[in-house]
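Good morning, colleagues. May I ask you to look at the model on the screen while I go through its details.

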Amino acid sequence: SLLKNLGNFWENYYDLSLVVHRELAEVEYLNGNFENSELLINRILEEARTDIEKGEIYRLLIVQYTLSAKYNLAIDALKKSLAPFNIFLPEVEMDKAIGKELELSKSYLGNKEIGTIYNEPEMVNPEDIMAVKLLTTSLPASYISNPQLWCIIALKATNLCLLKGNIGETYGYACYGILSITMGNYKDGFAFCKLALDLSEKFNNIAEKCKASNVFANYGNSWIHHIRDTYKINQDGFQAGLDSGEFQHASYITLHMPLNAFYSGQNLNQLLKELKQLLSFSQKAKNH
C-alpha cells in the first residue's frame with residue numbers, strides 16, 4: 001500500500017519493490033495462500049530485469065506447484081527458468097540422456113575419493129549457481145511425476161557442481177547418492193548423501209541441511225549403519241527445517257521418522273506419543 005503512494009514504484013524504486021513483492025509472495029505461500037502468492041509471482045516475473053532475479057522467483061513458484069501437486073506445471077516453470085542459462089531438458093530418449101549424464105559425472109569425478117569433494121573450490125559464477133538452485137528445487141516434483149527426468153535433473157545438478165565447484169545448495173549430491181544406491185553402488189551412495197550433509201553444514205545452509213538430513217537418514221545411512229541411528233539425523237534435520245522455514249522437506253522427515261521407529265522395533269505406544277508430537281508441526285513452528 002505504501003509503494004502504491006510512490007507512483008511508478010517499479011520504475012523509481014525497483015530494488016525495494018522487488019524485495020517487498022518477493023517477501024510478500026513467500027509469506028502468502030507459507031500461509032497456504034497459493035493463489036495470492038502466484039499472482040504476486042507473475043507480477044514480479046513481468047517486472048524483473050535480470051535472469052538471476054527471475055530465477056529466484058521461479059524457485060518459489062516451483063515449490064508452490066510441487067506442494068499443490070501440480071507437478072507438470074512445476075516442470076514447465078523449471079524449463080522456462082533454465083532456458084536463459086542454456087540448460088535444456090530432453091523430451092524424448094530419456095535413457096540415452098541419462099547415460100550421457102552418467103558418463104559426464106564419471107569423467108568429472110575421475111579417481112577422486114568422494115569425501116575429498118568437500119575441499120573443492122566454491123562455485124563463483126552467478127548463472128551456474130542459479131542453475132543449480134533451480135535444478136535442485138525441482139527434484140521433488142520430478143521424483144514424484146517423472147522418475148527418468150528426476151535422474152537427469154539430479155545428474156545435471158551434480159555435474160555442474162563437480163565441474164564448477166561446491167555450493168550451499170547440496171541437494172543434487174544427495175539425490176545422486178540415491179541414484180548410486182539404485183544402481184547397486186550403496187557405498188558411493190552413502191558417501192554422496194553424507195557429502196551433501198557435510199557441505200550444507202560447511203556453507204551454514206540450514207535449509208539444505210534439512211533436505212540433506214532427510215536423504216542421508218532415510219535413503220543412505222541404513223546401508224552402512226543401523227536404522228536406529230537415523231533418529232538423531234532426522235531430529236536435527238527436522239529442527240533445521242523449522243529454523244529455516246523449509247517446511248516441505250521437514251514434512252518429508254516426519255513421514256520417515258515413525259516408519260523408521262516401527263521397523264527398528266520401537267514400542268507402539270511410545271511411537272504413538274512421538275508421532276503426535278511430530279504432527280503438531282504448525283504449532284511447533286508458531287511457538288518457535
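E93, at 56% relative accessibility, counts as exposed; here buried means under 20% relative accessible area, exposed over 50%, and partly exposed in between, with a 1.4 Å probe and protein chains only. E93 sits in the loop between α5 and α6; helices are DSSP runs of H or I with at least four residues, strands are runs of E with at least two, and both are numbered from the N terminus. Although E93 is not a glycine, its phi is positive, about 50°.

Before I continue, a note on the source. This is a predicted model, in which local features need pLDDT of at least 70 and side-chain atom pairs count only at pLDDT 80 or more, while totals for chains, interfaces and linings use all residues. Residues are numbered from 1 along each chain as its sequence is written, and side-chain values use heavy atoms, with hydrogens and water left out.

Most residues other than glycine have a negative phi. A69 is another residue other than glycine with a positive phi, in this case near 60°. A69 belongs to the loop between α4 and α5 (71-82), and its relative accessibility of 47% makes it partly exposed.

I turn now to the pockets. A pocket is an open set of points, on a 1 Å grid over the protein atoms alone, where a 1.4 Å probe fits, with protein on both sides within 12 Å along at least five of seven lines; its lining residues have an atom within 4 Å of a point. Grid points are joined across faces, edges and corners, and a volume is the space filled by probe spheres set on the points.

The largest pocket holds about 560 Å³ of space. Its lining consists of 23 residues, and those nearest its centre are E26, R59, L60, V63 and E246. Two or more lining residues come from each of α2 (14-30), α4 (51-67), α7 (126-137), α12 (206-220) and α14 (247-263). By class, this lining has ten charged, seven nonpolar and six polar residues; Ala, Val, Leu, Ile, Met, Phe, Trp, Tyr, Cys and Pro count as nonpolar, Asp, Glu, Lys and Arg as charged, and the others, Gly among them, as polar.

R59, one of the residues nearest the centre of the largest pocket, also takes part in a network of salt bridges with E56 and K133. A salt bridge is a side-chain nitrogen of Lys or Arg within 4 Å of a carboxyl oxygen of Asp or Glu.

The second largest pocket has a volume of about 330 Å³. It is lined by 16 residues, with K100, E101, L104, K156 and N159 closest to its centre. Both α6 (94-109) and α9 (147-164) give at least two residues to this lining, and α6 supplies the largest share, six residues. The classes here are ten nonpolar, five charged and one polar residue.

Which two side chains meet in a salt bridge at 3.0 Å, N to O? They are those of K156 and E101. K156 lies in α9 and E101 in α6, so this pair ties together parts that are 55 residues apart in sequence. Both partners are buried: K156 has a relative accessible area of 18%, and E101 has one of 9%.

How many salt bridges does the structure hold? The total is eleven. R43 and E47 form one of them, with their closest N and O atoms 3.5 Å apart. These two residues are four apart within helix α3 (residues 34-47), about one turn of the helix. R43 is partly exposed at 33% relative accessible area, and E47 is partly exposed at 27%. In a further salt bridge, between K112 and E120, the closest N and O atoms are 3.6 Å apart. K112 is partly exposed, at 33%, and so is E120, at 30%.

Is D128 buried or exposed? D128 counts as buried because its relative accessibility is 14%. Its side chain makes a polar contact with the side chain of K164 at 3.0 Å; such a contact is a pair of N or O atoms within 3.5 Å where, within protein, one must be able to donate a hydrogen and the other to accept it, and residues adjacent in sequence count only if both atoms are side-chain atoms. With neighbours within four places in sequence set aside, D128 is in contact (heavy atoms within 4.5 Å) with M123, L160 and K164.
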